[in-house]
Amino acid sequence: MSASTPQTVLMASGARRSRTSHALVQNVGLVLVIGLLAACIIGYCVLFVVTQHRFPGGFELTSTLDNTMPLAFAALAQTLVVLTRGIDLSVGGVIDLTNAVAAQTLTGGPVATTLWTLAILLIGAACGLVNGVLVAVGRLQPILVTLATLSIYQGIAIRVLPQPGGAIPPGFTAVLANPNWPTSLLYIPVIGGLWAIFRRTRLGVAVFAIGNDAMAASSHGISVKRTVILAYTLGGLASACAGLFLAANATAGDATTGDTYTLTSIVAAVLGGVSLFGGRGSGLGALFGAFVTVMVVNILFFAHIDPLYQTFYEGLFLLAAVVSANMIGRAVRGRR
Amino acid sequence: MTRPAVEAVEVGKSYGGVAALTAASFTATAGEVHALVGENGAGKSTLIKILGGRVRPDTGVVRIGGNAVSLSGPQAAHDLGAWTVFQELTLLPWMTVAENLLLLRETKGATGLISRSATIRDADALLARYGVHHIDPRALVEDISLAERQTIEIVRAVSNNPQILFLDEPTSSLVEREVEWLFGQIRALRTQGACVVFTSHRWAEIRSIADRITIFRGGKDVGTFTEIDEGEAVRLMTGRRVEALYPPLPPMPNAAATALEASAMSGPNVRGVSFSLHAGEVLGVGGLAGHGHRELFRMLFGDATATGGQLTVHGKTRRFRSPRAAIAAGIALVPEDRKTEGLLLRMSVRDNATLVILKRLTRFGVLKPAEERRAAQSVVDSLRVRTAGISQPVGALSGGNQQKVLLGRWLLAECQILLLYDVTRGVDVATKHEIYELVLKLASEGHAIVFYSSDAEELAHLCHRVLVMREGVVAAELHAPGITAEDIVSAAVRDHLAA
Amino acid sequence: MSGSAPGTILHRAIFNKEGRRIVYAFVAGIILFAIGEAVRPGFASLDGIRSILVVASFVGLVAAGQTFVILIGGIDLSVPWVLNAGAILMVVSSLGTNDRAIPALALTLGMGALVGACNGAGIALLGIPAVVMTLAMNGIMQGLTLGLSGGMTCTSCGAYAPPVVQAAVHLRALGVPVVLWIWLVVIIAVSFLLGMTRFGRATYTVGNNARASHLAGVNVAVVTIVLYALSGFFSAMAGIMLVGFGGQAALGMGEPYLFQSIAAVVIGGVYILGGRGHYLGSVAGAISLTVLVSVLLAFNMPDYGRSIIYGLVILALLLLYGREEDSA
């Protein structure tokens, strides 16, 4: 069987682009968001020095990071779903719910807290699973499914925690969002690492493949249903992480604070170069996108923008970022 | 004779009431190259999809390796050693060549995770093993050419060491040299005892590689042969003589006005194309897929911007910025894919037929329903569209009747210049004949027609002149009478043969 | 084959799938009224029905705009703050006086249409995804509204809606509140626009297949811009009706209307990816949603329970008839 491998040469090798050139062009969204983040950090530092007459220090670093972590996880959750050509409007609901459960249950000792933390992660995953099953097996549009489950998860959250409150144990906060030490500096590489691992698993490849073309992916033997369900489930898990970090940061729970994350997670993902049409983007980009989103708020603050106008500038910034990213992306590809 | 590798017995499949396959049977054995031939719409592609596990048959039995199988999906077929290269390619556009080649069998590193660098390396080695050195495994699929994509699909299927390989029109976008390469791969598989089943429209290719040929017509097999001459095969495929399929070409009117004149038109994939088209003339455009016809048609219709050259319509120089402008100048386009670019499948025959002339059927923007019905009905009547009524969704009609509705739309609009792009693709023989008659009738009534077809035979019989495009330029201009399909094909591939 | 026009409409309403969905949504509304009456007698009294329909009309107006954009596969997330801006602009520009009411109405509706047109232009001309464009616009309008009104601290912000506007919501003509007459006019106008005009036909063709429409000479960009402008117009109109209803404007008054309008449109059988559906369906959706909420209130259902049941009902309806068809 081995003897007759054909040696017909179809065509000799031509000039190839370098590895870096490929990497740059294929990850233009990621490159842009990193540039954007760098610009934001510089702008922030300049404004800080001008207005505060000193350099931003450990406190600023810690609080910025801690404020970003919930959004970073929410953006990751959104990215996992958007990559499959879906959208998850229930991100905010899952954060509400996990945040509420955290406020009600994380009151005991370290062991109970750890067990409940795991349980909360499972709750988040279960919420995602429900979404995924409805989308994949129920053959419903993601936007409608998650609109409905958003309402359901929000309702359950309020049932669990009718009034804002609950006392998150200091130990829990010290681990996830220590006010005195930038614990998040540990978590960010962990998220990045987890994403890198995910991207290098069969599931990761399958998520990208069905976002590219579900029909083609299934004709290669990828199970579209299974992949969609797992993507939503992982998304739910990431939303639960957001809920936990939010609780740790606020040291209390609130069944409605998560609501805003539905829309900001989309913003962060889009800023991070994730295509709403699926199949293109990266969790790392979304992570950076989350940081950009938070940095813009900080910049507006130190620029002494009237806080009432905050969302106005955020909206303009989002549009400007998306339009210019489109143009730069097209220019880079057009030059090939 | 060796054991049968794959068998289809009386396989049937319908889509929304339209039968694609009625009772198709054939048997191919191990160590055999088996060609399935037939007209567009004869059911070959549907059969390949069923055998590849992508579509489930309504009736009939599929046997692989002697056992009746019910394939739950392509994976099930792969598990039985059957791999398929589908006609509509299944590569993932925003992933790299390497990721596509090694999908679901990526190279894992020591950690158990997929290693990108090792995947690239292995993809490179795999491509080299099959003699493909010119495709960069790091490139995104959307950035490589159609022929390169086809090559990647073939390498992927072949590299899985298939026991059975199904290829649906694998040569349609390949040039001579690439076809030779593919045949090398097929011969090697045959030597190894694998079974290769493929479909093709090119008779020379079929003769050079196939051991046996099964001919299909109208969703059924009409015979399997080891030796058959082309005339006989065509007669079996079409159910009529070749000459009878094509109506006689009406003479070109003398001293007819020039309707459309392109001089040195350039744009994406098109370089300096010039021609002039007279009223009453059918101007054919032919050549291999991906050599600029598509872009030329889009430019003529204002759907792509020309970067150079000049377009004159009825004596006036024009620069179309949108299809709207072209339509206003009396130009119509029946596009490549009527389902995604032509028709609104869920809307009614009426809505589809009157779309372009709605302005005429409204007063102050308000529709006049009775007049609209009358206009739509006139299309149905004059083109003999077979439909339950004008309120029927156009998607429920057969391919040929859909095409008639689309043509009717432009006739209602009284467009004088018709750009017809592969209008008989996926249309049954009887309707094909009707469309040919219609095209020639329109020409004799003074319409000017630009006619692209992937079928050289069609061009040879229906056109007063044929422009053969190669690499974006007009490589040859052939004049009737006496154009043959061979002339067209050889003009299309000439320099590849020379190379 | 083709019967008389009214016969065709009736035929469609009963036999085709879209028509059936509208009928289902209306039937659901009627059943819910009956349940309400059983739980709390008087629920389905004339007064009860009147007050529920008035509340439904606000959702229904927003849903008119949402129907337009969803018919081309878009979505308008800028509803909450366009509505809110409309409400505030109405009171601030009229200062609660009747003689300024007309210019104030024109200004407010014009603002809504203009903002909507900007949405459409961003989507059609700059190629920004509808979700991103309208989301950003919602933020922009929120910031502008808050900033320009100083967080509702401006002197004229506390003004009441002009008496005529309040009267339009509360007064009755022939036993029916004027706002419902207005809604009826909107229902007829929107249905006529979608069903009987060239523009309506273009809306469906673009929603069905934008590429094929472009190749058939439809001006896809203009259609898109006008549809989003209409959505902004109806959001602003709902804002005007809401200040008329409540007397004064408040911050955040538009928030509930985003998801309610989308839910109403979907329950009414408009296909979320575009191309199919009727405003009459969205009307039925708006009514049944509003009755549902009222019934749950009649059950003394707490907030959270309403929210959960709301979601479950939408899911149940989607599973009943919102399935995607198998692609052939």
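Trainee: How many helices and strands does chain A have in this predicted model?
Mentor: This is a predicted model. Read along its sequence, chain A follows the pattern α-α-α-α-α-α-α-α-α-α-α-α-α. The secondary structure comes to 13 helices and 0 strands.

Trainee: Why is chain A called as compact as a globular protein of its length?
Mentor: The C-alpha trace of chain A spans about 75 × 50 × 35 Å along its principal axes. For 336 residues the globule rule gives 20 Å. The radius of gyration of chain A is close to that, so the chain is as compact as a globular protein of that length, at 22 Å.

Trainee: What share of the chain A contacts with a separation of 6 or more joins residues 24 or more positions apart?
Mentor: Start with burial. Buried residues make up 53% of the 336 residues in chain A. Now take the contacts with a separation of 6 or more. Residues 24 or more positions apart account for 81%.

Trainee: Which elements of chain C give two or more residues to the side that touches chain A?
Mentor: In this interface, 38 residues of chain C are in contact with 35 residues of chain A. The elements of chain C that give two or more residues to that side are helix H6 (130–148), helix H12 (255–267) and helix H14 (303–321).

Trainee: How do the residues on that side of chain C divide into nonpolar, polar and charged?
Mentor: Take the side of chain C that touches chain A. Its charged residues number 3 and its polar ones 11. The nonpolar residues number 24.

Trainee: Where in chain C is confidence lowest?
Mentor: Chain C averages a pLDDT of 87, and 93% of the residues score at least 70. Confidence is highest in helix H11 (residues 220–246) of chain C, at 95. Over residues 1–7 of chain C the pLDDT is below 50, and this stretch has 9 contacts beyond near neighbours in sequence. The element with the lowest confidence, at a mean of 49, is helix H1 (residues 5–15) of chain C.

Trainee: What distance separates the centres of the two domains of chain B?
Mentor: Chain B is divided into domain 1 (4–244) and domain 2 (256–498). The centres are taken over C-alpha atoms. They are separated by 31 Å.

Trainee: Is strand S13 of chain B largely enclosed or open, and why?
Mentor: Strand S13 covers residues 282–286 of chain B. Val282(B), Gly284(B) and Gly286(B) point one way, Leu283(B) and Val285(B) the other way, and all are buried. With 5 of the 5 residues buried, S13(B) is therefore largely enclosed by the rest of the structure.

Trainee: Which residue in S20(B) is the bridge partner of Leu283(B)?
Mentor: S13(B) is joined by 4 bridges to strand S20 (residues 448–452) of chain B, and the two run parallel. In S20(B), Leu283(B) has as its bridge partner Val450(B).

Trainee: Which residue with a positive phi follows H1(B)?
Mentor: Helix H1 (residues 44–51) of chain B is mostly covered, with 8 of its 8 residues buried. Among them are Lys44(B) and Lys49(B). After H1(B) comes a residue with phi near 85 degrees, Gly53(B).

Key: Residues are numbered from 1 along each chain as its sequence is written. Chains are lettered from A and ligands numbered from 1 in the order in which they are written. This is a predicted model: local features need pLDDT of at least 70, side-chain atom pairs count only at pLDDT 80 or more; totals for chains, interfaces and linings use all residues. Two residues are in contact if their C-beta atoms, placed from the backbone, lie within 7 Å. Ala, Val, Leu, Ile, Met, Phe, Trp, Tyr, Cys and Pro count as nonpolar, Asp, Glu, Lys and Arg as charged, and the others, Gly among them, as polar. The radius of gyration is taken over C-alpha atoms; the globule rule is 2.2 Å times the number of residues to the power 0.38. A residue is buried if 20 or more other C-beta atoms lie within 10 Å of its own, exposed if 12 or fewer, and partly exposed in between; C-beta atoms are placed from the backbone. Two strands pair if DSSP finds at least two bridges between them. Domain bounds come from an automatic or database domain assignment. pLDDT is the predictor's confidence in each residue, from 0 to 100.
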